[in-house]
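Here is my note on the model you sent. Please read the points with the structure open beside you.

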Amino acid sequence: MLPAERRREMARLIKNRGAVNTRELAEALGISTMTVRRDLKVLEERNQLELTWGGAVPLSFEANDIPRARKAVSMLEAKQVIARAACPFIKNEDFIALDAGTTSLELARLLPTLPLTSLGVVTPDLEIALLLSGCDHISVFLSGGLIDPVSRACNDSDAVAYLRGLRLTMAFVGTNVWDAHHGITTSTSAKMHYKRQLMTSADKTFLLADASKYAKFSPWLVAGVERFDHIITDSGLTAEARAALEAAPAHLIIADA
């Protein structure tokens, strides 16, 4: 195999698998680890991947969570548009779940304005719980457990156990990364288990995710896009991304301003 062909195959493997170490690449391509390291350096210089300790990850790979303060100011208008598009699905006397995150927070801001007399909301998110706790017609349940200082939410095993005792009419799930190929992924196993249980406990599931998060992925798989009843995003998706999502069973909703 010529060096150019070998590097193309290496880049393809890393893109599909995510984090890959040099030994795995050497075995897959039948070359030495020294050759792998040289090729990885070339690919990094061409801005095709990011080197890590002992291997590499694709540029679309998000290994760590994004600090909430940074997320709060990112794509705010898109998040607000997505939140407005989600509102018509919420009916009187529903018992809904709002996942942690700033898109869910924008939806929470709108709940008191809806023409409802009774609504139940469960959330792991401290900011959402505090925001809604002053509304007389909204009963707020905090899932409890250890507070993650990055997301400011409860995502541990106690929070998962709390969800197992609930039956929700719908769950609004957030994510930092998603696409049609990798599905919805997250940065920790704790968040993976929490989001999975959130979906299991609900009769209907909604993914709320703006287009800037598309074509990225993290280590822990929550679910494929086909597991959602509805996917609500903004108009920033490419035509190729729309086509891939429309091929899935989930109802794709493109929210416009």
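1. Start with helix 8 (residues 157-164) and helix 9 (residues 189-200). In this predicted model, they pack at an angle of about 5 degrees, with their axes 9 Å apart. Angles under 35 degrees count as roughly parallel, so helix 8 and helix 9 are roughly parallel to each other. Helix 8 brings Ala 159, Val 160, Leu 163 and Arg 164 to the contact. Helix 9 meets them with His 193, Tyr 194, Gln 197 and Leu 198. By class, this contact of helix 8 with helix 9 has five nonpolar residues, two polar and one charged.

2. Now take helix 1 (residues 3-17) and helix 3 (residues 33-45). Their packing angle is about 80 degrees, and their axes are 10 Å apart. The range for roughly perpendicular is 65 to 115 degrees, and helix 1 and helix 3 are therefore roughly perpendicular to each other. From helix 1, the contact uses Arg 6, Arg 7, Met 10, Ala 11 and Ile 14. From helix 3, it uses Thr 35, Val 36, Asp 39, Leu 40, Val 42 and Leu 43. Seven residues of the contact of helix 1 with helix 3 are nonpolar, one is polar and three are charged.

3. Next, the aromatic residues. How many aromatic pairs does the structure hold? There are four. In one, the ring centres of Phe 95 and Phe 141 are 5.6 Å apart and the planes are at 65 degrees, so the pair is edge-to-face. Phe 95 is in strand 4 (residues 95-98) and Phe 141 is in strand 6 (residues 138-142), so the pair ties together parts 46 residues apart in sequence.

4. One cluster deserves a check on screen. Ring pairs link Phe 89, Phe 172 and Phe 206.

5. Strand 12 comes next. Why is this strand described as largely enclosed by the rest of the structure? Five of its seven residues are buried, and buried means under 20% relative accessible area. Strand 12 runs parallel to strand 9 (residues 168-174), and six bridges join the two. Here Ala 171 stands opposite Thr 205 of strand 12. Strand 12 also pairs with strand 14 (residues 230-234), in the parallel sense, over three bridges. Leu 207 has Ile 231 of strand 14 as its bridge partner.

6. Asn 21 has Gly 55 of strand 3 as its bridge partner.

How values were computed. Residues numbered from 1 in each chain as written. Predicted model: local features only at pLDDT ≥ 70, side-chain atom pairs only at ≥ 80, totals over all residues. Heavy atoms only, no water. Axes fitted to C-alpha atoms, helices over the stretch in contact; angles between N-to-C directions. Helix = DSSP H or I, 4+ residues; strand = E, 2+ residues; numbered from the N terminus. Parallel < 35°, antiparallel > 145°, perpendicular 65-115°, else oblique. Contact = heavy atoms within 4.5 Å. Nonpolar A, V, L, I, M, F, W, Y, C, P; charged D, E, K, R; others polar. Phe/Tyr/Trp six-rings, centres within 6.5 Å; stacked < 30°, edge-to-face > 60°. Buried < 20%, exposed > 50% of the residue type's maximum accessible area, 1.4 Å probe, protein only. Pairing = 2+ DSSP bridges.
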